[in-house]
Amino acid sequence: MQTDKRLSGRVALIAGASSGIGAATALALVEEGASVAIAARRMPRLEALAERIRERGGEVLPIEADVSDEAQAAAMVQRTIGDFGSLDMLLCVAGVDAPFRNTTTAEYREMVEVNFLGLLYPIHAALPAMQRQGAGHIVIVSSGTGRYIHPSTVYSGTKHAASAMAESLRREIGRDGIRVTCIEPGAVRTEFTSHMRASVREAVEQRLGDMEQLEAADIAAAIVYAVTQPRRVNVNTLTLYPTEQA
């Protein structure tokens, strides 16, 4: 790959990369010269994405992992470091959503485990390596609901927690040379709702209506902006909403 690209020689691990924002981010980082480890639960989707990256001349490592499982989250970090020799960027993108009504407590639990613990586990595993390097960048994809209240009670609660954790973490580890960025998108057109059961999906789609939503590539572009700033610059929070979204 060309050596004049902005992320040449950098290694990124993207958790939640099998589709949507995660996949778009992987492709965008590769275009900037980064080597990427892509992790998610759906290995066939990761393999398909990896093939697209290789066709573009990129270096990629697909890893099957569930970020809500502490051992799997730690293993994906260690495998990335073992294969590439370093870890410069950790991007936590995985997430699940469901409204409060007509939703089971098991679905509540999954949102907490994926949307919050699924951030803490890989961050905890990655920090020692970044601290040894004296540099690193952690990007947390939260949600607009992390700042503004939306009618999605448990999801909104987990994203409030994610956004608060990101800012607290930034203040705690900035002196170690590690940057922390929180991305807070509004409605994004992805496969996100397709994984929900029908009644939950219908409720979410009814709430969004015919509004023109953001594209996954829009969020990927925001992430690229944040991670390509000079090391002295920490982009703390980026909030992106569709123009039509209140």
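The questions and answers below treat these topics in turn.

Analyst: This is a predicted model, in which local features need pLDDT of at least 70 and side-chain atom pairs count only at pLDDT 80 or more, while totals for chains, interfaces and linings use all residues. Residues are numbered from 1 along each chain as its sequence is written, and side-chain values use heavy atoms, with hydrogens and water left out.

User: How many of the residues of strand β1 (residues 11-15) are buried?

Analyst: Helices (H or I, at least four residues) and strands (E, at least two) are DSSP runs, numbered from the N terminus. Buried means under 20% relative accessible area, exposed over 50%, and partly exposed in between (1.4 Å probe, protein chains only). On one side of β1, V11, L13 and A15 are buried, and on the other A12 and I14 are buried. The count for β1 is therefore 5 of its 5 residues.

User: Which residue of β2 stands opposite I14?

Analyst: Two strands pair if DSSP finds at least two bridges between them. Strand β1 runs parallel to strand β2 (residues 35-40), with 5 bridges joining them. In this pairing, the residue opposite I14 is I38.

User: What is the handedness of the β-α-β crossover from β1 to β2?

Analyst: A crossover is right-handed if, with the strands pointing away from the viewer, the path from the first strand over the helix to the second runs clockwise. Between β1 and β2, the chain passes through helix α1 (residues 20-31), and the crossover is right-handed.

User: Which residue of β4 stands opposite L13?

Analyst: Strand β1 is also joined to strand β4 (residues 89-92), by 4 bridges, and the two run parallel. The residue of β4 opposite L13 is L90.

User: How many residues apart in sequence are the parts that the pair E184 and R147 ties together?

Analyst: A salt bridge is a side-chain nitrogen of Lys or Arg within 4 Å of a carboxyl oxygen of Asp or Glu, and the structure holds 6 of them. In one, E184 and R147 meet at 2.8 Å, N to O. E184 lies in strand β6 (residues 178-185) and R147 in the loop between β5 (136-141) and α5 (153-173), so the parts tied together are 37 residues apart. E184 is buried at 0% relative accessibility, whereas R147 is partly exposed at 43%.

User: What is the volume of the largest cavity?

Analyst: On a 1 Å grid over the protein atoms alone, a cavity is a set of points where a 1.4 Å probe fits but cannot get out, and a pocket is an open set with protein on both sides within 12 Å along at least five of seven lines; lining residues have an atom within 4 Å of a point. Grid points are joined across faces, edges and corners, and a volume is the space filled by probe spheres set on the points. The lining of the largest cavity consists of A15, V67, C92, V93, A94, V114, G118 and L119. The volume of this cavity is about 30 Å³.

User: Which residues lie nearest the centre of the second largest pocket?

Analyst: This pocket holds about 310 Å³ of space. Among its 19 lining residues, those nearest the centre are A135, G136, G177, R179 and R231.
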